[in-house]
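Here's a quick briefing to read alongside the sequence and the fold. Have a look at the chain as a whole before zooming in on one residue.

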Amino acid sequence: MSVTRIPYADLDEKLKNQLQKSSLFASESFCNLFKTAGGNPVCFLLSNENHPTVALVGVEFGLSIFKRFQSMPDGCYSSLISLDGNDPINSRDALNILDAVKNCGYTKSFIFDYHSHFPKVTNYTVSICTTQIASISPEWQPPDKKLLSEIRKAEKEGVEIIPYDKEKYADQFYSLVESTAHRHGKKAWYCLEFYDSLADLACTDKRIDWTIVTHDSKLAASHINFRINDTLINWQVHFDKKYSFLKPNQYLLYRAAIKAAQAGAKFLNLGATPSDAESLEAYKRKWGGQEYRYNCIEMKSLLGKLF
């Protein structure tokens, strides 16, 4: 039994297809999006007698002794993927992959174990992450009456939801990205090239749901959602506050949840909430969100502990 780190591009096509089908986050086309942010997609492949049995996909950032690893970046969770049909994956295989990641000499490594694929570990740092999860169905409605009235207001205003079109709205969209980041005291994490590539991928991979609301030909709000198995993840929200009277965010999220539920989704993941964002957490509870806790497994070299 051995674990090998392989650049994603070097995997054979059969394995790539298997990863593509297993999860959006494990697909080559999705992982390649992070190349626009300086990332290098890789796969840790556990094999038994030269037969691949378990895979962990992630992205490396940085160069040389400062190289870091994330599985996956920015709210895109990790997943151990069984390649031989054995499920659940046994804890020994999971630990072997963890050790292989550690032995690669990364300055820092982060594995966001949303699916609880890894056993309890004592030789790595484990921090608790939280998100909010709501149960959904085709007949679902959020439990908060005010939220429901806001959704009805959007309907009365004639708000129309349309797919994002980068040819028409790329410049307006990226202005929203920058202004939204500025409101939170941050800089935009991804460049326009990242979002253009994501828009292209959304045209061919229906696990990406990117919809917008416009008003007088101006972009009012944008929601990017990912479908991972039975869960819809509300990944990124960007909006222009001057159009808040349309209630576009409420309407976009509600319609995305209903659409996903009609296609078989059972859960709506409302995303991680910063510890100091109490109002945002309260807003997510209005959607029926319940706290869901999962582990982030951290590994840092001596150099990583200094920076």
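What share of the contacts in the protein chain with a separation of 6 or more comes from residues 24 or more positions apart? They account for 70% of those contacts. Keep in mind that this is a predicted model.

**Overall fold**
- The protein chain has nine helices and 13 strands.
- Its radius of gyration is 20 Å, which agrees with the value near 19 Å that a compact globule of 307 residues would have.

**Surface and charge**
- Of the 307 residues in the protein chain, 48% are buried.
- The chain exposes about 15,700 Å², and carbon and sulfur atoms supply 49% of that.
- There are 37 positive and 35 negative charges, and their mean positions sit 5 Å apart.

**A closer look at Phe 44**
- You'll find Phe 44 in strand β2, which covers residues 40-48.
- Phe 44 counts as buried because its relative accessible area is 1%, and the cut-off for buried is under 20%.
- Setting aside neighbours within four places in sequence, Phe 44 is in contact with Val 3, Thr 4 and Arg 5, with Val 54, Ala 55 and Leu 56, and with Phe 69, Ile 97, Ala 100, Val 101, Cys 104 and Tyr 106.

Notes
Residues are numbered from 1 along each chain as its sequence is written. This is a predicted model: local features need pLDDT of at least 70, side-chain atom pairs count only at pLDDT 80 or more; totals for chains, interfaces and linings use all residues. Side-chain values use heavy atoms; hydrogens and water are left out. Helices (H or I, at least four residues) and strands (E, at least two) are DSSP runs, numbered from the N terminus. The radius of gyration is taken over C-alpha atoms; the globule rule is 2.2 Å times the number of residues to the power 0.38. Buried means under 20% relative accessible area, exposed over 50%, partly exposed in between (1.4 Å probe, protein chains only). Contact means heavy atoms within 4.5 Å. Accessible areas come from the Shrake-Rupley method with a 1.4 Å probe; for residues, only the protein chains shown count as cover. Lys and Arg count as positive and Asp and Glu as negative; His and the chain ends are not counted. The place of a charge is taken as NZ of Lys, CZ of Arg, CG of Asp or CD of Glu.
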